[in-house]
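Please keep the structure in view while reading.

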Amino acid sequence: MAVAIVNDVLTHYEHMPARPSTGRTAPKVVCVHGLGYDSLASFYLTLAAPLAEAGVDVLTYDLRGHGRSQRPATGYRLGDFVDDLRSLLDMMVGTEPVHLVGNSFGGTIAFSLAVRYPERVRSIVSIESEPATEVWSAKMGRTFRNTVDAMSDEANLAWITETFGSHYARLTRAAAAVIRSTTIVEEVADGPLLDEQALSSIRCPVLAILGGEGFQCDDLGAVEAMLPDCRTEVIDGQNHSVLVERHQLVRKLLLGWLAEHDPVGLLADGARP
Amino acid sequence: MTNSHVPSPAAALGAIRVILIKVLGDYVLDDVEINAEMSLTADLGLESIDLITVGAMLAERYGRRLNLAAFLAEMDIDDVIALTVGTLVEFVVDGLAPGLAAER
């Protein structure tokens, strides 16, 4: 297991280099997972290997408090997560701009990084995700309150086990552990939030992949209007779990996106959507 | 150690047992022998993130020709959750069979 100290937090990361190398500079993709249930496994076990085989250099990591990364008791404002990503890029990539692929909250981190450090971001692919607006903050607050209420009831865990199986019950317990042992609920939705001016400063191209039945579809229109260069792909009938349930479609969209925006190092076959 | 000769299914099962016991650490079930029918998640309690370690240990044992992440990326999430020890054995044996996978 590869680890690095990132802003005083032991951080688990996985790097899958492009292979075989094309001899040209490989597109660099950094994958950022979501909150609670999520970990770098969502990317590593779905997109990382196919992308690497298409000639892409892939880096993904466990957010603080998640997966195999350290879980400090405090330090869970959105800005802390953005600082972590910036530091990880400094350590692992250097100053070369990267394509950020963010799942759920991971995309929110990507948008905020693009506002603060636009020179570090070549493009953003957000999956069931939205920038940290006032609307996002209110939604996060509601979601967290509902989640905390639900997790305090053992009957719900029994229901999850019976309905979805022990795997999801275990994921729920892991998410509950993060929520109960840290200040994430109090801190994360505080931002800092992005206003219209900040959103319009995101000049890099954005591909937003959404589930038609997901969390973001209703609010994306307003955000899309504020982002100067945003394309949207909606997957009909899909819930929030776009990445894990539709990863082969996401892979096609992502490889097509890279072929369009960073084709030099891609292998021709792998880049074909 | 890296050894990429084709193991028998029984030898692969033995090697996978050793890997799973290392990954499970203190969580390994007492007095239960890991068999091919066991589910990695439901029976052994592996988390999805543990599969990354399993993949790395298989690559260390048998060589980088075995790419568990690439194998799992072709599966639906339900199949990954239902993954059994026996599927891992098949992955190792088939993946190392001559002519079935290119050396990476």
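What percentage of the 104 residues in chain B do buried residues make up?

## Chain B

Buried residues account for 34% of the 104 residues in chain B, in what is a predicted model. Chain B holds 5 helices and 0 strands, and from the N terminus its elements follow one another as α-α-α-α-α. Of the contacts in chain B between residues at least 6 apart in sequence, 72% join residues at least 24 apart.

## Chain A and its sheet

Chain A has 12 helices and 8 strands, and buried residues make up 45% of its 273 residues. Among contacts in chain A with a separation of 6 or more, residues 24 or more positions apart account for 73%.

The 8 strands of chain A form an open sheet with mixed pairing, in the order β1-β2-β4-β3-β5-β6-β7-β8. Its edge strands, each pairing on one side only, are β1 (residues 2-6) and β8 (residues 230-235) of chain A, and neighbouring strands of this sheet are turned against each other by 20° on average, direction ignored. Within the sheet, β3 (residues 28-32) and β5 (residues 98-103) of chain A run parallel and are joined by 4 bridges, with V32(A) standing opposite G102(A) in β5(A). Helix α3 (residues 105-116) of chain A lies across β3, β5 and β6 (residues 121-127) of chain A, and runs at about 145° to β5(A).

The axes of α1(A) and helix α11 (residues 247-261) of chain A come within 10 Å and cross at roughly 35°, and α1(A) passes α11(A) in a right-handed crossing. On the α1(A) side, T46(A), L47(A) and P50(A) meet H247(A), V250(A), R251(A) and L254(A) in α11(A); by class, this contact has 4 nonpolar, 2 polar and 1 charged residues.

In soluble globular proteins, nonpolar side chains tend to be buried together. The largest nonpolar core here has 100 residues, and those with the most contacts inside it include A48(A), V56(A), V58(A), L100(A), I109(A), A114(A) and I124(A). The largest share of this core, 9 residues, comes from α1(A). Leaving out residues up to four places away in sequence, A48(A) touches M16(A), F43(A), V58(A) and T60(A), and also A69(B) in the other chain.

## Where the chains meet

Which helices of chain A each supply at least two residues of the side that touches chain B? In total, 20 residues of chain A are in contact with 17 residues of chain B; the helices in question are α1 (residues 41-53), α6 (residues 166-181) and α10 (residues 242-245) of chain A. The largest share of that side, 8 residues, comes from α1(A), and by class the side of chain A that touches chain B has 8 nonpolar, 6 polar and 6 charged residues.

## A closer look at E187(A)

E187(A) lies in helix α7 (residues 184-187) of chain A. Is E187(A) buried or partly exposed? E187(A) counts as partly exposed because it has 16 C-beta neighbours inside 10 Å, whereas a buried residue would need 20 or more. Apart from its neighbours within four places in sequence, E187(A) is in contact with Y76(A) and R77(A). From T60(A), E187(A) is 127 residues apart in sequence and 24 Å apart in space, C-alpha to C-alpha.

How values were computed: Residues are numbered from 1 along each chain as its sequence is written. Chains are lettered from A and ligands numbered from 1 in the order in which they are written. This is a predicted model: local features need pLDDT of at least 70, side-chain atom pairs count only at pLDDT 80 or more; totals for chains, interfaces and linings use all residues. A residue is buried if 20 or more other C-beta atoms lie within 10 Å of its own, exposed if 12 or fewer, and partly exposed in between; C-beta atoms are placed from the backbone. Two residues are in contact if their C-beta atoms, placed from the backbone, lie within 7 Å. Ala, Val, Leu, Ile, Met, Phe, Trp, Tyr, Cys and Pro count as nonpolar, Asp, Glu, Lys and Arg as charged, and the others, Gly among them, as polar. A nonpolar core is a set of buried Ala, Val, Leu, Ile, Met, Phe, Trp, Tyr and Cys residues joined through C-beta atoms within 7 Å. Axes are lines fitted to C-alpha atoms, for helices over the stretch in contact, and angles run from 0 to 180 degrees between N-to-C directions. A crossing is left-handed if the near helix is turned anticlockwise from the far one by less than a right angle, and right-handed if clockwise. Two strands pair if DSSP finds at least two bridges between them.
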